[in-house]
Amino acid sequence: MKHTISILVENHAGVLSRISGLFSRRGFNIDSLAVGVTDDPKVSRVTIVADGDEHTVEQLEKQLNKLIDTIKVKALEPDELLSRELQLIKINASSQQRSEILTICEIMGARIIDISPNTMTLEISDTTMHLARFEELIKPYGIKEIVRTGVIAIQKGADTIKK
Amino acid sequence: MIKAAEAMVKCLENEGVKVVFGYPGAAICPFYDELTHSDIHHVLVRREDNAGHAASGYARISGKPAVCIATSGPGATNLLTAIATAYADSIPIVCITGQVSTDQIGCDVFQEVDITGAAEPFVKYSYLIKDAAQLPRIFKEAFYLAGSGRKGPVLIDVPVDIQQTMIDFDYPESVELRTYKPTVKGNTMQIKKVCEALKAAERPLICAGGGVIAADACRELRDFAEKTRIPVVSTMMGLGIFPTEHPLYMGMLGMHGVRTANEAVSKCDTMLLIGARVGDRAVCSPKFLAETTKIIHIDVDPAEIGKNIHVDIPLVGDCKNILGELSAHIDNAERKDWLEELSRVKNTVPHEDETQGYVNPKMFIRKLSAKLPENTVCVADVGQNQIWTCNNFNFKGGRFLTSGGMGTMGYSIPAAIGAKMASLESEVVAVCGDGSFQMQMMELATIVQEKLPVKIILMRNNRLGMVRELQTNQYGDNQTAVHIADGNPDFVALAKSYGINAERVCTMAEAEAAIEHLCESAEPYLLECNVWRNESTL
Ligand SMILES: Cc1ncc(C[n+]2csc(CCOP(=O)(O)OP(=O)(O)O)c2C)c(N)n1
């Protein structure tokens, strides 16, 4: 089962290697990892999507909490989180195909951010599942390159990671 | 303004450090230069890992973080085994390493190694100092982290140019770490639950580990066990918490443990684990144990609870504090039947044979411990010699040190050096094998140079005995890479060449006489026991 875990950490040198080292050392599998500074420049927020059973996640949370740099660890429940992942896709696109692609993008909530005589570069930000669907639709044109960020997530409603 | 190197020394002085163990090199020279102006005594070891082990021995006896020092590159990498050893046994040491100049970091210059990176999996925390002004804060934090909560090694890597930088020195009075707040007091609800579970239990058992010693809670545990009449087994790291002959004490459990202890484990209906992490050598099949037994687990490290065994009642906090609470809230009990059942097993004394021309190591350890003073610090190395010591030493109130978690050969002599430095009034005895002795024999020089009356027992079986036994039992006796006789030196002559008194004994009668000499000697002393090559561990 996939688990989304948010971690607030001191923005120290080496903290990311401590976290990723912990994952590999303890045999936890990471699907994705995203890091960025928060409103407090001394604090970074790490979002990790990992695979494992309940016992594994409990262990993971405890081990993450044990790191000296960790301020807060929270495993976000799937039905109470909003998640996003950003993807940039470069596809083959002749001038005749452009309007068709544009329609797909409009319906799926993607944007066209660059264009060349034979290619288009698309941007989409949504859930991992939605991104996968978009990729399926766009695949027939010929994907030249894909880049994606890790998943970031936040709680629904008024709750925050701090409470 | 003072040089940061001088500030490093002042930090140590502020922490009350009296002795440090180390080995110099270019990248740590500014610090060594300043150290000469201090009253701190520097013990020059003969290899850096031994500085770490000596600091470990010192820390375990003094109860406070101890310091070891190495230079950059090979000096620092030599320290790694000692750091990992301390980490596995939760021993508080502060390791200071020199590093190449900040402007050269990352250029693969001479003796540059990323030691904070290399040590990352087995330090509690580490620092690479890049801003000299932060040095006092970092030292303060390092000592606090090493010695609080679940204790462990902390590494401070100090580039040589940082050591030369002028800074304002002001040692902080306290640390401010918003992220690190070890739980001390146990949760009241959980304490209540523990008391109820123990009250309801018919055959409860306490399993005490090294955490009890780390928390300085031996007295509290004894009081608690005596009040509730709950029998006690210990892990290897927990040896010495209970006097061996205490009526409630059933011995060491596990793969290398004694029958009484293992029988107690299999028969108990409720097990109170305290400061023990359910290591695989102590509890071989935790799944099976948890199915038949109610498990209560008390530990200062929440991550240990539920890691290796399913726990019914978790209780996080400092053992000393919690045991005090438990004793205050629990009723006295009798448990006559359960204790009688266990003492029947306990009182069957195993029969030992003497092999002609050899010293029986088990009988020897019993005889030795009977002659040693009560406050003896006994340090066992790793291998058969370790298990012989664990199961036959009669602990009366002294201390037992060994590398339990890592099983690091070569631990005993340097750790004994550290222990002796921390407690000059105690007798300190190291027990090792002929294999492990040769991993640390360079430290005879340190013993001599420091004039430390450390006593060494060398069990010579001309084998890497424990591996030999494994090969005998599990590889059809295909003995390979365990025969060391042809290379073994004359250990007595070797010791004497350092100026250390030494004797070789080949019979129990000779051994008994030699034990007298060892106990009487006010100087270092090495006793080589000729042990039969096929002697078994248990
Ligand atoms: C540094 C290290 N290397 C290898 C081992 C594996 N090992 C465990 S016990 C042992 C044999 C020890 O031989 P010796 O010191 O002669 O003691 P004995 O078992 O004969 O008492 C070995 C090689 C180890 N524990 N530590």
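Predicted model: local features only at pLDDT ≥ 70, side-chain atom pairs only at ≥ 80, totals over all residues.
You'll find Asn462(B) in the loop between β18 (455-460) and α20 (465-474) of chain B. Its phi is near 60°, a positive value in a residue other than glycine. Most residues other than glycine have a negative phi. Ser90(B) also has a positive phi, about 55°, and is not a glycine. Ser90(B) is in the loop between α4 (74-88) and β5 (93-99) of chain B. Is Ser90(B) buried or exposed? Buried, because its relative accessible area is 13% and the cut-off for buried is under 20%.

Staying in chain B, have a look at helix α17, residues 412-422. Of its 11 residues, 10 are buried, so the helix is largely enclosed by the rest of the structure. Among the buried ones are Pro414(B), Ile417(B) and Met421(B), and Lys420(B) is on that list too.

Lys140(B) counts as buried at 18% relative accessibility, while Glu15(B) is partly exposed at 22%.

Next, Arg150(B) and Glu304(B), whose side chains meet at 2.7 Å, N to O. Here the two partners are 154 residues apart, with Arg150(B) in the loop between α6 and β7 (154-159) and Glu304(B) in the loop between β13 (294-299) and β14 (313-316). Glu304(B) is buried, at 5% relative accessibility, and Arg150(B) is partly exposed, at 22%. Both also belong to a network of salt bridges with Lys66(A), Asp301(B) and Lys307(B).

For a contrast in setting, there's Arg281(B) with Asp280(B), at 3.6 Å between the closest N and O atoms. Both of those residues are exposed.

Last stop, chain A. The domain assignment gives domain 1 (2-76) and domain 2 (82-152), and their C-alpha centres lie 30 Å apart. Which residues form the negative surface patch? Asp53(A), Glu54(A), Glu77(A), Asp79(A) and Glu80(A). Asp79(A) is in the loop between β4 (70-76) and β5 (81-92), and at 60% relative accessibility Asp79(A) counts as exposed.

Technical notes
Residues numbered from 1 in each chain as written. Chains lettered and ligands numbered in written order. Heavy atoms only, no water. Patch = residues over 30% accessible without salt bridge, like charges linked within 9 Å, V, L, I, M, F, W, Y side chains within 5 Å. Areas by Shrake-Rupley, 256 points an atom, 1.4 Å probe, with all protein chains shown as cover. Salt bridge = Lys/Arg side-chain N within 4 Å of Asp/Glu carboxyl O. Lys, Arg positive; Asp, Glu negative; His and termini not counted. Charge placed at Lys NZ, Arg CZ, Asp CG, Glu CD. Helix = DSSP H or I, 4+ residues; strand = E, 2+ residues; numbered from the N terminus. Buried < 20%, exposed > 50% of the residue type's maximum accessible area, 1.4 Å probe, protein only. Domains from an automatic or database assignment.
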